[in-house]
Amino acid sequence: MRTLVKLDRESARARHELDGKIKGDAPLARQTVEPQDQKEGQKQEHRQAGSACAHESAVNHVSGKARYIDDLPSPANALHIALGLSPIAHGTLTALDLDAVRRAEGVVDVIAFADIPGHSDIGPVFPGDPLFVEREIGYAGQCLFAVAAQSLTLARRAVALATIRFDEQTPSLDPIEAAAKADFVRPPHEQCSGNWQARLDEAVHCIEGELDVGGQEHFYLEGQACVVHPTEDDGVVVHTSNQHPSETQKLVAEVLGIPLHAVVVEVRRMGGGFGGKETQASPWACIAAIIARRTGRTARLRLPRRDDMHLTGKRHPFHNHYRLATDEQGVIQGGDITLIGNCGYSPDLSDAIVDRAMFHADNAYSLGEARVVGYRARTHTASNTAFRGFGGPQGMMVIEAAMDDIARRLGEDPLTIRKRNFYREGRETTHYGQTVDQRGLLHALIAQLERSSDYWQRREAITQFNADSRIIKRGLALTPVKFGISFTAQHLNQAGALLHVYTDGSVLINHGGTEMGQGLHTKVCQTVALELGLDLDEVRISATRTDKVPNTSPTAASSGTDLNGMAARDAAIRLRERLFDFAAAHYPDFERADMRLERGELIVGTGESERRIGWGELIQTAYLNRVSLSEKGFYATPLIHYDRTTGQGRPFYYYAFGAAVAEVSVDTLSGEYRVERVDILHDVGNSINPAIDIGQVEGGFVQGMGWLTSEELSWNDKGVLLSDGPATYKIPAFGDLPPVFNVALMEGHPNSMASLYRSKAVGEPPFMLGISVWSALRDALASLVDYRQAPRLDTPATPERVLLAAQRLRTSAF
């Protein structure tokens with residue numbers, strides 16, 4: 001039985017104003033129908049954090065209504081920009097004659113280095129990234145000048161009229177040679193725990209190996225693009241496909257020589273980012289902003305796919321070397337690991353990326369007393385940059401290769417060796433000094449996946465199959481993932497949010513994160529809905545803008561929901577508490593301690609004494625009583641720290657775990673192979689949205705598989721990129737999906753840290769699950785020599801590399 005609330009004058013007036021209103025009229029309360037007044041059997045579903053809701057833009061995505069940068073309308077006199085690129089990888093620019101370009105049909109403006117009004121270097125962390133070449137050319141495809149014309153066709157035609165003279169020099173393309181010459185974009189870094197040299201000297205077994213790990217093109221569906229409008233107060237509004245609006249705001253302001261408040265950067269969505277739009281979306285906004293300010297006209301810049309691939313950096317290729325000491329059981333006692341990252345011509349984010357590779361050189365295994373050294377080699381290619389995993393995948397590859405090598409040396413199954421080396425009690429501290437929490441979760445996850453995938457039964461069947469089959473060989477591998485969550489740059493672990501509630505009860509949330517298809521906006525809306533007791537439909541999100549939430553961090557490091565979701569939750573809780581304070585003061589018989597917001601109502605008490613007020617009525621009454629209905633939120637990740645001078649600390653708030661079992665079939669006479677089956681079990685803590693999380697796990701795995709198998713970057717001897725389009729660079733397609741693809745989320749293990757609803761990040765960790773496919777290929781090849789050795793298999797493991805590895809094994813057997 002419910003007790004009706006006695007209304008005061010303001011509440012009665014608010015309710016009277018709602019009578020007879022229909023949706024679309026204002027003001028409109030969102031909850032005007034009492035639950036018992038609904039039709040019998042009608043279910044009122046409130047979709048909040050924890051439920052598997054569709055992506056907030058899903059309908060717009062599939063219907064084509066979602067607008068990306070190239071869909072945005074612009075004035076009729078808008079200018080279109082094309083770029084002039086360096087044809088050589090290394091040398092000196094001796095002459096740049098643009099007179100013919102300026103005289104070309106439709107050309108309105110041409111700019112080069114001398115036309116930059118403010119800062120000319122737009123390096124995101126360290127200097128080294130000039131907006132245009134002044135003299136020194138660092139890579140083939142580096143930007144020399146920009147042309148603004150009345151159409152993109154006219155701009156591109158004009159670019160070809162430039163006269164460029166240069167003194168070409170031999171490019172440096174080998175990171176190993178660069179490291180030997182100490183040619184680095186940033187100094188080397190070392191992490192060390194214990195007497196690693198003594199462990200190697202005393203080793204029962206000393207396992208040594210090396211591996212070249214290839215890079216990866218981001219290949220986002222929407223390329224680099226921006227539209228810049230000049231404003232009446234000498235500022236600019238920048239619409240951009242961008243993971244870091246605040247950094248772009250800063251760089252545009254510095255390039256123009258104006259304050260940051262004169263630059264507004266807006267991002268509604270991206271058609272994919274994967275890290276390629278964290279730092280490398282800014283140059284194009286800076287160029288377009290210069291032209292917009294010079295001409296007073298809107299400027300558009302969209303890189304064609306070929307130019308995009310030449311101009312922008314990739315995932316860092318790595319050369320890894322290891323020496324590990326093990327006991328009789330294959331348990332690592334210590335060792336020495338060297339990681340050489342191919343950084344390209346400038347620092348960009350390479351310092352942090354190689355750091356993260358070093359942090360993840362252990363993956364899920366205790367290294368004992370070990371040294372890990374990271375080098376940041378300079379080469380004459382585009383500056384390599386962030387990519388999903390941010391160096392973590394490249395670091396993990398070295399220890400996963402070692403696990404297979406140890407197993408073959410000892411004649412054990414690789415899974416057995418992996419399990420013996422997992423972090424456990426007594427071996428719970430990493431080589432950089434952080435204690436691995438939730439170690440039991442790692443062991444439980446592996447045990448559960450072993451059972452659900454029938455690993456040991458399949459291992460027995462595959463071993464028998466390979467014994468009977470001379471040409472086709474099958475491989476099986478189970479590989480784990482332990483991925484640290486947080487920016488390793490401490491100051492980036494913060495976020496803000498801005499929440500508005502309007503007089504009809506509708507809610508608008510804005511935060512500093514950006515949406516690139518990963519579902520961040522959906523999870524933030526679900527968070528606000530849960531805290532305010534509303535359905536997801538009642539909460540709308542607006543585009544990320546630097547004039548709403550300032551000084552934001554990039555949407556990267558898998559931290560988007562962790563940071564921005566917590567900031568939005570903070571704003572919602574603050575507003576909710578203010579409403580509770582108001583209601584306690586406004587309604588004399590309302591007990592403050594008993595209040596809660598559920599299913600669109602303010603509820604007080606239980607049972608016979610329960611009282612309810614609709615959300616919309618509460619909001620209007622609060623408004624009439626001059627209660628603020630807007631709130632800002634903020635969050636900073638606690639506990640994390642790292643001392644680079646000692647190489648020790650706690651750089652991660654927590655770890656996310658996962659594991660995958662991959663089965664492959666390999667034709668050892670051609671090198672062709674198929675992925676037959678994949679089983680994944682992944683840890684996302686207490687999932688905020690299981691549907692989105694499973695989608696991220698599936699997509700991350702496939703992208704990781706592509707990185708390790710088919711996505712091959714190629715340059716000629718002069719340093720010119722050859723794989724510059726879909727005809728020469730092969731990302732996984734629908735047909736590459738394994739016919740059996742089982743994906744599940746680990747249940748019953750909430751995050752041990754106080755994250756958002758005890759969830760865990762899901763953007764990057766699943767990417768490393770693709771390592772299981774590479775390991776399975778090595779397993780299949782090892783059967784050629786009765787599993788006595790594991791072949792070296794550099795990545796990407798294309799059919800050509802698989803064939804060559806098979807031939808080497810056959811030769812070694814005789």
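## The largest nonpolar core

In this predicted model, the largest nonpolar core is made of 147 residues. I509 and W615 have the most contacts inside this core.

Where does the core lie? Domain 1 (31-66 + 494-636) and domain 2 (433-487 + 644-813) both give residues to the core, so the core lies between them. As background, nonpolar side chains tend to be buried together in soluble globular proteins.

## A closer look at I509

Leaving aside residues up to four places away in sequence, I509 touches A497, L498, L499, V524, C525, V528, V539, R540, I541, S542 and A568.

There is also a second, separate core, with 40 residues. Among them are A148, V236, L303 and L311.

## The annotated region

Now let us turn to residues 63-170. The unreviewed UniProt entry places the feature "domain: Aldehyde oxidase/xanthine dehydrogenase a/b hammerhead" here.

## A three-stranded sheet

Three strands, in the order β4-β2-β6, form an open sheet with antiparallel pairing. Strands β4 (136-137) and β6 (163-168) stand at the edges with a single partner strand each, so one side of each has no neighbour in the sheet.

What holds strands of a sheet together? They pair through backbone hydrogen bonds, either parallel or antiparallel. Here, β2 (residues 91-97) pairs with β4 over two bridges, in the antiparallel sense. T92 has E136 in β4 as its bridge partner.

Conventions
Residues numbered from 1 in each chain as written. Predicted model: local features only at pLDDT ≥ 70, side-chain atom pairs only at ≥ 80, totals over all residues. Heavy atoms only, no water. UniProt positions renumbered as here; feature names shortened; annotations may be inferred. Pairing = 2+ DSSP bridges. Helix = DSSP H or I, 4+ residues; strand = E, 2+ residues; numbered from the N terminus. Core = buried A, V, L, I, M, F, W, Y, C linked by side-chain atoms within 4.5 Å. Buried < 20%, exposed > 50% of the residue type's maximum accessible area, 1.4 Å probe, protein only. Domains from an automatic or database assignment. Contact = heavy atoms within 4.5 Å.
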